[in-house]
Amino acid sequence: MKLNNRAKAFLICGILFIIATIIIFVIANDNGMNSYKWIGLTFMLCVEFILFGGLILIEMLANKSEQIITRAGNGTVLVIYFAVSFLVSLVFLNMQNTKIFLIIQIILLVMLVILETVLIVAGKSIYNNNKKVLEGVSTVKEMINSLDTINVDENYKKQIDKIKEDLKYSDVSMAVPSDNDIMENILCLEKEFLKDEMDDDSIKAIINSIEMLIKRRKIQVKNNKLGGM
C-alpha cells in the first residue's frame with residue numbers, strides 16, 4: 001500500500017529517532033554494556049518501533065475508518081504508551097530488576113493492544129455507518145430530483161408531490177434493495193409522461209407500484225436496523 005506524506009514523515013522520524021537513541025546510548029555508556037543495559041536498550045528500540053510503526057498503520061487505516069477516532073484516539077494511546085514504556089525502560093537501567101520490568105512492559109503492551117483494537121473496531125464501525133447514511137441520503141435525493149424533472153400532468157401532480165414528500169421524510173440512514181426498484185419505476189413514469197398519448201392505466205399502475213415500494217423500503221430499513229443491533 002502506498003504511503004501518504006504523513007506516513008512517510010513518520011517513517012523518516014522513526015528511523016532518525018531509533019538511530020539517535022542508539023548513538024546517545026553508546027555515548028552515555030562508554031564504560032561498557034551489561035545485560036541490564038542491553039535489555040533496556042532493546043525495549044527502548046521496540047517501543048520506538050511500535051510508536052512510529054503504529055502511527056504509519058494509523059495513516060494507512062484512516063481513509064477507511066472514522067478519522068477523528070483513528071488519528072486522535074489511536075494516536076493518543078500510542079504516544080501515552082510510548083512515554084510510559086520509555087520511562088519505565090530508563091528507570092530499569094537504574095533499578096536493574098528484570099522480573100518487575102518485564103511484568104510492567106507486558107501489562108503495558110497488553111493494554112495497548114486492547115485499547116488500539118477497541119478504537120480501530122469503533123472507528124471502522126462509525127465509518128461504515130456514516131457511509132451507509134451518505135448512500136441512503138444520496139439515493140433518496142436522486143429519486144426526488146428525478147421526480148422533479150418529470151413534466152407531470154396536472155391530474156397526477158398531487159400524487160407525485162405526495163410521493164416526493166414520502167421519500168423526503170423517509171428514513172435515509174441506509175440504501176436498501178427497494179431503492180433500485182423505485183428508481184426504475186420513476187424512469188418508467190417519466191417515459192409515460194413523455195408519450196404523445198398518455199396511458200392513464202399504466203401511469204396509475206406505476207404510481208401505485210412506487211407507493212408500495214416506498215412502504216417496502218421503510219420495512220427493509222427497519223429490518224436492517226434490527227438485524228444490525
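**Labels and their cut-offs**

Trainee: How many disulfides does the count come to by the rule?

Mentor: The count comes to 0 disulfides, a disulfide being a pair of cysteine sulfur atoms within 2.5 Å. Before we go on: this is a predicted model, where local features need pLDDT of at least 70 and side-chain atom pairs count only at pLDDT 80 or more, while totals for chains, interfaces and linings use all residues. Residues are numbered from 1 along each chain as its sequence is written, and side-chain values use heavy atoms, with hydrogens and water left out.

Trainee: What makes C13 partly exposed?

Mentor: Its relative accessible area is 40%. Buried means under 20%, exposed over 50%, and partly exposed is in between (1.4 Å probe, protein chains only). So C13 is partly exposed, and C188, at 38% relative accessibility, gets that label too.

Trainee: Why is S89 called buried, then?

Mentor: S89 has a relative accessible area of 0%, so it counts as buried. It sits in helix 3, residues 67–95; helices here are DSSP runs of H or I, at least four residues long, numbered from the N terminus. S89 touches G40, F43, M44, F101 and Q105, leaving out residues up to four places away in sequence, where a contact means heavy atoms within 4.5 Å.

Trainee: And what makes K141 exposed?

Mentor: K141 comes out at 52% relative accessibility, so it's exposed. You'll find K141 in helix 4. It is 41 residues from I100 in sequence, and their C-alpha atoms are 61 Å apart in space.

Trainee: Why are helix 2 and helix 4 called roughly parallel?

Mentor: Helix 2, residues 35–62, packs against helix 4 at an angle of about 5°, with the axes 12 Å apart. Axes are lines fitted to C-alpha atoms, for helices over the stretch in contact, and angles run from 0 to 180 degrees between N-to-C directions. Angles under 35 degrees count as roughly parallel, over 145 as roughly antiparallel, 65 to 115 as roughly perpendicular and the rest as oblique. So helix 2 and helix 4 are roughly parallel to each other.

Trainee: Which residues meet there, between helix 2 and helix 4?

Mentor: Y36, I39, F43, I50 and L61 in helix 2 meet T98, F101, L102, Q105, L109, L112 and I120 in helix 4.

Trainee: At what angle do the axes of helix 4 and helix 6 cross?

Mentor: They cross at roughly 10° and come within 10 Å. That makes helix 4 roughly parallel to helix 6. On the helix 4 side, the contact includes T139, M143 and L147; on the helix 6 side, it includes D179, I182 and L189.

Trainee: Which residues touch the most other members of the largest nonpolar core?

Mentor: L147, I163, L167, L189 and I210, out of 20 residues in that core. A nonpolar core is a set of buried Ala, Val, Leu, Ile, Met, Phe, Trp, Tyr and Cys residues joined through side-chain atoms within 4.5 Å. Helix 4 (98–149), helix 5 (157–168), helix 6 (178–194) and helix 7 each give two or more residues to this core, and the largest share, 6 residues, comes from helix 7. Apart from it lies another core, of 18 residues, among them V47, L55, F82 and V88.

Trainee: What makes D200 partly exposed?

Mentor: D200 has a relative accessible area of 39%, so it lands in the partly exposed class. D200 lies in helix 7, residues 200–227.
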